[in-house]
Amino acid sequence: MDKLQKPELLIPAGSLEVLKVAVDYGADAVYIGGKNYGLRAKAGNFTIEEMHEAADYVHAHGAKLYVTVNIFAHNEDIDGIKAYFHELKETGLEEKIDAFIISDPGIFTLAKEILPGIEIHVSTQANNTNYLIYDFWRKQGATRVVAARELSLKEIKTIREHIPADMEIEAFMHGAMCISYSGRCLLSSYFTGRDANQGACTHPCRWKYAVVEEKRPGEYLPVEEDDRGTYIFNSKDLCMIEHIPDMIDAGINSFKVEGRMKTALYVAVVTRTYREAIDDYYTSKELYESKMEHYREEIAACTFRQFTTGFYYGKPNEETQIYDCNTYVKNRVYLGTVEEVTAAGELVIHQKNKFCVGDTIEVMTFDGENVDVEVLAIHDEHGTEMESAPHPKQLLCVKVSNSEKIRKGMIIRTRHCAA
């Protein structure tokens, strides 16, 4: 792939609100799920009406919309999937969805038959580990294949060398890692009856575990790091902010972020930071390298579980796992999204977490700047003055010390203080 061809920045969205955040902060494309048949059933996901609004919004901003239909279907799913595809066609979404993300060959076939106008990208769940697989899917009509998470950058580069230039490679660059091969985890189904490959994973890899030997019932073996137990299945999060040149050199067309169940703050932080880093690299390698500490600081300004490069530089070892806790690092707290800036310069928001008059809060601008402003006054929707905003989802009008650079859609946050 020509280095001059800038890779796509592909961002997840679990709701219409988060989709708009992704686009506003620089996503080239956003992937979402409908109410059924995606692998994130517990995300908010999109109704047919919301898909229309989502498509209109991304296209108005020059971005693309991809829809996941990436469950592994059982016989009882087939009629429902057919009906779903027909509904998308009958409601005009065939002209608005830029691509499906599909893992199941049967669903692939149905999509080609019922909605031939929509491109198909083959999901990472399909175990895409070699160039023959890419060539196979190209011959079936796929335009893009998502690399298996288990591949190294060297392997991806070899795939690129063996497939046509117009066959696109998509690969993850940031987000949570699954402890099972290509997401094939049995723990969720075993413990809760919720099938990870049907979109209902309960993430039991984040739970606390201990090991017991069968002849010593009730006697825990000393594998725990401390008295809280051990977190033997808990992977660090993927982060490739320091390795963008290597991903480009491997021939990857689309840089994908994981997280359709993540908050608007997470999406804003990750999108803005990678957008800035990619653009800086395409301005000059020296600019990109000179700002590395800035990227590291910014990418850590949301909830995460430490960072790893996953499989990209070889098989992960014990350093990529977290054994002493299952908690996230939380450096910022999401306060809300600016829904309107009034003529008087006040901010209208639906509050997400508590803040008070006199607090200094931080506004994330779309161009990469973080603006600190003081909260001068808070009023509820009835005009009642308040000293603090303790109730989540309350509609508020907030007067701040400086609103000149603040625009609709910007994220408001504050530094996290440990209790």
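Helix α2 is followed by Gly 62, whose phi is positive, near 75°. This is a predicted model, in which local features need a pLDDT of at least 70, side-chain atom pairs count only at pLDDT 80 or more, and totals for chains, interfaces and linings use all residues. Residues are numbered from 1 along each chain as its sequence is written, and side-chain values use heavy atoms, with hydrogens and water left out.

**Overall composition and confidence**

The protein contains 11 helices and 18 strands. Helices (H or I, at least four residues) and strands (E, at least two) are DSSP runs, numbered from the N terminus. Of the 419 residues in the protein, 52% are buried. Here buried means under 20% relative accessible area, exposed means over 50%, and partly exposed lies in between (1.4 Å probe, protein chains only).

A contact means heavy atoms within 4.5 Å. Among contacts between residues at least 6 apart in sequence, 69% join residues at least 24 apart.

The pLDDT, which is the predictor's confidence in each residue from 0 to 100, averages 86 over the protein, and 79% of the residues score at least 70. Over residues 225–230 the pLDDT is below 50, and this stretch has 15 contacts in the model beyond near neighbours in sequence. The pLDDT is also below 50 over residues 321–326, a stretch with 29 contacts beyond near neighbours in sequence.

**Helix α2**

Helix α2 covers residues 48–60, which makes 13 residues. From its first C-alpha to its last it reaches 18 Å, close to the 18 Å expected at 1.5 Å a residue; the expected span is 1.5 Å times one less than the number of residues. The buried residues of α2 are Ile 48, Met 51, His 52, Ala 54, Ala 55 and Val 58. Seen down the axis of α2, these buried residues fall within an arc of 165°, so they line one face of the helix. The arc is that of the directions from the helix axis to the C-beta atoms. An α-helix has 3.6 residues a turn, so residues three or four places apart point the same way.

The face of α2 turned away from its buried side carries the exposed residues Glu 49 and Ala 60. What covers the buried residues of α2 includes the helices α1 (16–24) and α3 (78–90), together with the strands β2 (29–33) and β3 (64–68).

A nonpolar core is a set of buried Ala, Val, Leu, Ile, Met, Phe, Trp, Tyr and Cys residues joined through side-chain atoms within 4.5 Å. The largest such core has 117 residues, of which Leu 19, Phe 85, Leu 88, Phe 100, Ile 156 and Ile 244 touch the most other members. Helix α9 (residues 264–283) gives the largest share of this core, 12 residues.

In α9, 18 of the 20 residues are buried, so the helix is largely enclosed by the rest of the structure. The end C-alpha atoms of α9 are 28 Å apart, which agrees with the 28 Å that its 20 residues should span at 1.5 Å a residue.

**Individual residues**

The following table gives the accessibility of selected residues.

| Residue | Relative accessible area | Class |
|---|---|---|
| Cys 239 | 9% | buried |
| Cys 397 | 17% | buried |
| Asn 127 | 23% | partly exposed |
| Gly 314 | 30% | partly exposed |
| Arg 296 | 35% | partly exposed |
| Lys 393 | 65% | exposed |

Asn 127 has a positive phi of about 60° although it is not a glycine, and its place is in the loop between β5 (119–122) and α5 (131–140). Lys 393, also not a glycine, has a positive phi of about 75° and lies in the loop between β16 (385–386) and β17 (395–400).

Arg 296 is found in helix α11 (residues 292–299). Arg 296 and Thr 273 are 23 residues apart in sequence and 8.9 Å apart in space, C-alpha to C-alpha. Gly 314 is found in the loop between β10 (307–308) and β11 (332–337). The C-alpha atoms of Gly 314 and Glu 150 are separated by 9.1 Å, although these residues are 164 apart along the chain.

A disulfide is counted as a pair of cysteine sulfur atoms within 2.5 Å, and by this rule the count comes to zero.
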